[in-house]
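Please look over the sequence and the coordinates below before reading on. The report that follows goes through backbone geometry, sheet, hairpins, selected residues and a pocket in turn.

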Amino acid sequence: MNPISIKDFTIYFENQGFEALNQWIDEHQPSTIFILVDDKTMENCYPYLIPKIETTATIEVIEIDHGEEYKNIDTCAGVWSALVELGCDRNSLMINLGGGVITDLGGFVASTIKRGIPFIHVPTSLLGMVDAAIGGKNGVDLGHLKNQIGVINAPVMTIVDPTFLQTLPIQHLINGSIEMFKHGLISDRVYWNDMKNSTDFHSDTFNSLIYQSAIIKSDIVSMDPLEQGARKALNYGHTAGHAIESYLMEHDTKDAVLHGEAVAAGILIESFLSIKYAHLSQTAYDDIKEWYHGLQLSFSFDEDEVKEMIELMKYDKKNSNGQIKFVLLTQIGDFITDQVVDKQDIINAFQELKK
Ligand code: NAD
């Protein structure tokens, strides 16, 4: 699989990635290499990575607890302090080894410590490989509001190695695959169908789908790095999805939800809205609905809950002038952005989750 280059950084696959990493280390001679992990990636991924790094530089490991609840400024403060105590300087390198939480938080910490040090993402979750570690968005949550604090700053490189997926729990494999389905919906009908027909997460066929997904995301990001136009499409399903995530995080009595699961629900809701506001055909909608219900998620919200979520949607970064703006599908493989819809239609769309 050939490397994918976006303006100022490259995504490498499998061993080519580790070769590129060692070459970069050889050329730049970092003073210290910091590896950020969570407890799960320390156990499952660090032992695979460490023999691949060829260096005489000191390697320091900084470990945080796993989970979205730690993607916050308090955790950043802990990592910033550890970096300073361990002698981080402008010539240090940070490697973020983990899922989207580690790459989002690690990229933000590296972009801000000492006004920025170089960092490399080694995504270990499927969501990280096809989405979070591509595109240069880094950041953390503020209270229950997702990704409110952050910067856009590209890593030196991202290394995608599906070997890491062997230890990833099935729920997280499904979680990451949702973003791959989304990539098909917004840009490529054939890819959507290939995803629907894929049955084995640990196969060459699936590795090739990961590669194609990384290309789709990279192409969109390189067209619009600052999210002023086409990149908004990557938020398909996320306006409603983020509101569901924030709502469930805020109401501790409710079960926690994975990002991809919430986005899947968001995709169904926004596809329903697409029928009225973007002329998505009923056949295409039925196809998406069949896929959604096949995931067997159990979201169900009453009207009061949906109204609370509509309030949460107002924090979405795509909005302006207090209006909630949706990306909608005109057909499978194409979209329009900045669509304002009626509140009652949003309430009705949420009811589709139950059917
Ligand atoms: P995550 O980082 O919490 O990882 C999921 C779980 O899997 C964690 O418990 C982690 O420890 C564990 N894990 C990761 N790799 C493993 C492996 N190989 N073996 C065993 N366990 C492993 O969550 P995620 O789903 O990877 O990412 C979600 C985050 O990504 C969210 O915070 C979301 O906002 C963010 N995100 C960012 C972008 C972006 O463009 N920056 C895009 C999409 C999502």
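Glu14 is found in helix α1, where helices (H or I, at least four residues) and strands (E, at least two) are DSSP runs numbered from the N terminus. Although it is not a glycine, Glu14 has a positive phi of about 50°. Most residues other than glycine have a negative phi. His279 also has a positive phi, of about 60°, without being a glycine; His279 belongs to the loop between α11 (259-278) and α12 and is exposed, with a relative accessible area of 67%.

This is a predicted model, in which local features need pLDDT of at least 70 and side-chain atom pairs count only at pLDDT 80 or more, while totals for chains, interfaces and linings use all residues. Residues are numbered from 1 along each chain as its sequence is written, and side-chain values use heavy atoms, with hydrogens and water left out.

## The seven-stranded sheet

Seven strands form an open sheet of mixed pairing, in the order β1-β2-β9-β6-β5-β3-β4, two strands being paired if DSSP finds at least two bridges between them. The edges are held by β1 (4-6) and β4 (58-64), each of which has a single partner strand, so one side of each is left without a neighbour in the sheet. From one strand to the next, the twist averages 20°. Within the sheet, β5 (residues 93-98) and β6 pair in the parallel sense over five bridges, and Ile95 stands opposite Ile120 in β6.

Helix α5 (residues 100-112) packs on the sheet and touches β3, β4, β5 and β6, its direction making about 165° with that of β5. Helix α1 (residues 14-28) lies across β2 (9-13), β3 (32-38), β5, β6 and β9 (157-160), and runs at about 145° to β9. Contact here means heavy atoms within 4.5 Å, and the axes are lines fitted to C-alpha atoms, for helices over the stretch in contact, with angles from 0 to 180 degrees between N-to-C directions.

Pro123 is in strand β6 (residues 119-123) and is buried, with a relative accessible area of 0%. Leaving aside neighbours within four places in sequence, Pro123 is in contact with Gly98, Gly128, Met129, Ala133, Thr158, Ile159, Val160 and Phe164. Leu142 is 19 residues from Pro123 in sequence, and the C-alpha atoms of the two are 23 Å apart in space.

Tyr12 lies in strand β2. When residues up to four places away in sequence are not counted, Tyr12 touches Pro3, Gly17, Ala20, Met157, Thr158, Ile159 and Val160. Tyr12 and Asn2 are ten residues apart along the chain, and their C-alpha atoms are separated by 7.4 Å.

## Two hairpins

Strand β7 (residues 137-142) runs antiparallel to β8 (residues 145-152), and five bridges join them; the bridge partner of Val140 in β8 is Ile149. The hairpin that β7 and β8 form has two residues between the strands, and Gly143 in the turn has a positive phi of about 60°.

Strands β10 (residues 326-331) and β11 (residues 334-339) also run antiparallel, joined by four bridges, with Phe326 opposite Gln339 in β11. Two residues lie between the strands of this hairpin as well, and Gly333 takes a positive phi near 110°.

His293 is in helix α12 and, at 28% relative accessibility, counts as partly exposed. Beyond residues up to four places away in sequence, His293 touches Leu268, Glu352, Leu353 and Lys355. Ala264 is 29 residues from His293 in sequence and 9.8 Å from it in space, C-alpha to C-alpha.

Helix α12 (282-294) is also among the elements that supply at least two residues each to the lining of the second largest pocket, together with α7 (170-187) and α8 (189-197); α7 gives the most, with four residues. A pocket is an open set of points on a 1 Å grid over the protein atoms alone, where a 1.4 Å probe fits and protein lies on both sides within 12 Å along at least five of seven lines, and lining residues have an atom within 4 Å of a point. This pocket has a volume of about 290 Å³, a volume being the space filled by probe spheres set on the points, which are joined across faces, edges and corners. Its lining has 15 residues, of which Ile174, Ser177, Phe181, Phe201 and Leu295 lie nearest the centre. By class there are seven nonpolar, five polar and three charged residues, where Ala, Val, Leu, Ile, Met, Phe, Trp, Tyr, Cys and Pro count as nonpolar, Asp, Glu, Lys and Arg as charged, and the others, Gly among them, as polar.

How values were computed: Buried < 20%, exposed > 50% of the residue type's maximum accessible area, 1.4 Å probe, protein only.
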